Amino acid sequence: RDEGAQALAPAIAANSTLISVDVGFNSIGKAAALEFIRIFKQNQMVSVGLARCDLGPDGADAVADYIRGSSTLTTLNLRRNYIGDNGAKALAPAIAGSSTLTEVDLRDNKLRKKGWCAIFDALRDNPQNKIAKWDLFRESAGPIVAKSLAGYVTVSSALTSLNLDRN
């Protein structure tokens, strides 16, 4: 699968009209995903899908750098990358500080209390964020995360959809 990603990467880099790419659930691996992130920095991506690319916590650092440098990204799917609490802590200020990001999927990333609270506390502390949708389906959020989430929800003027099913 990495061979396919290696073949596609230069083509995506050369295409100046492409604004949405989803390479998730293709078992491309971390190295290929990081190469795509490097390419996405050069293009004006609006939507990026990197679900199940094995990014881990250090890959989350690269994604955070990408978010901070993007003036066009609105949708980011990082589902099942096992970024854990450390990855969430790296992403939190980038997500909260983005002036364009409206939707982020972080489900199935082994986030616990510290990770989710880092995200929601950063969003609470930056109420100008544009995040409109959160899906926490089956994330086992619990009462501590719920308190952090409540603080964010109270000040958010952008949030329009919140899925807390099966928590």
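Select Val153, Leu162 and Leu164: together they make a nonpolar surface patch of about 210 Å². Patches like this join nonpolar side chains (Val, Leu, Ile, Met, Phe, Trp, Tyr) within 5 Å; like charges are joined within 9 Å. Areas come from the Shrake-Rupley method with a 1.4 Å probe, and for residues only the protein chains shown count as cover.

A word on the source: this is a predicted model, where local features need pLDDT of at least 70 and side-chain atom pairs count only at pLDDT 80 or more, while totals for chains, interfaces and linings use all residues. Residues are numbered from 1 along each chain as its sequence is written, and side-chain values use heavy atoms, leaving out hydrogens and water.

Stay on Leu164. It is found in the segment after strand E6 (161-163). Helices (H or I, at least four residues) and strands (E, at least two) are DSSP runs, numbered from the N terminus. Leu164 is partly exposed, at a relative accessible area of 41%. Buried means under 20%, exposed over 50%, partly exposed in between.

Next, the aromatic rings. Rings of Phe, Tyr and Trp (its six-membered ring) pair if their centres lie within 6.5 Å; planes under 30 degrees apart count as stacked, over 60 as edge-to-face and the rest as tilted. How many aromatic pairs are there by this rule? The count comes to six.

Select Phe36 and Phe40. Their ring centres are 6.0 Å apart and their planes meet at 25 degrees, so this pair is stacked. Both residues lie in helix H2 (residues 29-42), four residues apart, about one turn of the helix. Both Phe36 and Phe40 are buried.

Now select Trp116 and Phe120. With ring centres 5.6 Å apart and planes at 15 degrees, this pair is stacked. Look for both in helix H5 (residues 113-125), four residues apart. Trp116 is buried at 1% relative accessible area, and Phe120 is buried at 0%.

Last stop: Ala32, in helix H2. Ala32 is buried, with a relative accessible area of 11%. Leaving aside neighbours within four places in sequence, Ala32 is in contact (heavy atoms within 4.5 Å) with Asp2 and Ala5. Then select Cys53. Ala32 and Cys53 are 21 residues apart in sequence and 8.3 Å apart in space, C-alpha to C-alpha.

Methods:
Patch = residues over 30% accessible without salt bridge, like charges linked within 9 Å, V, L, I, M, F, W, Y side chains within 5 Å. Salt bridge = Lys/Arg side-chain N within 4 Å of Asp/Glu carboxyl O. Buried < 20%, exposed > 50% of the residue type's maximum accessible area, 1.4 Å probe, protein only.
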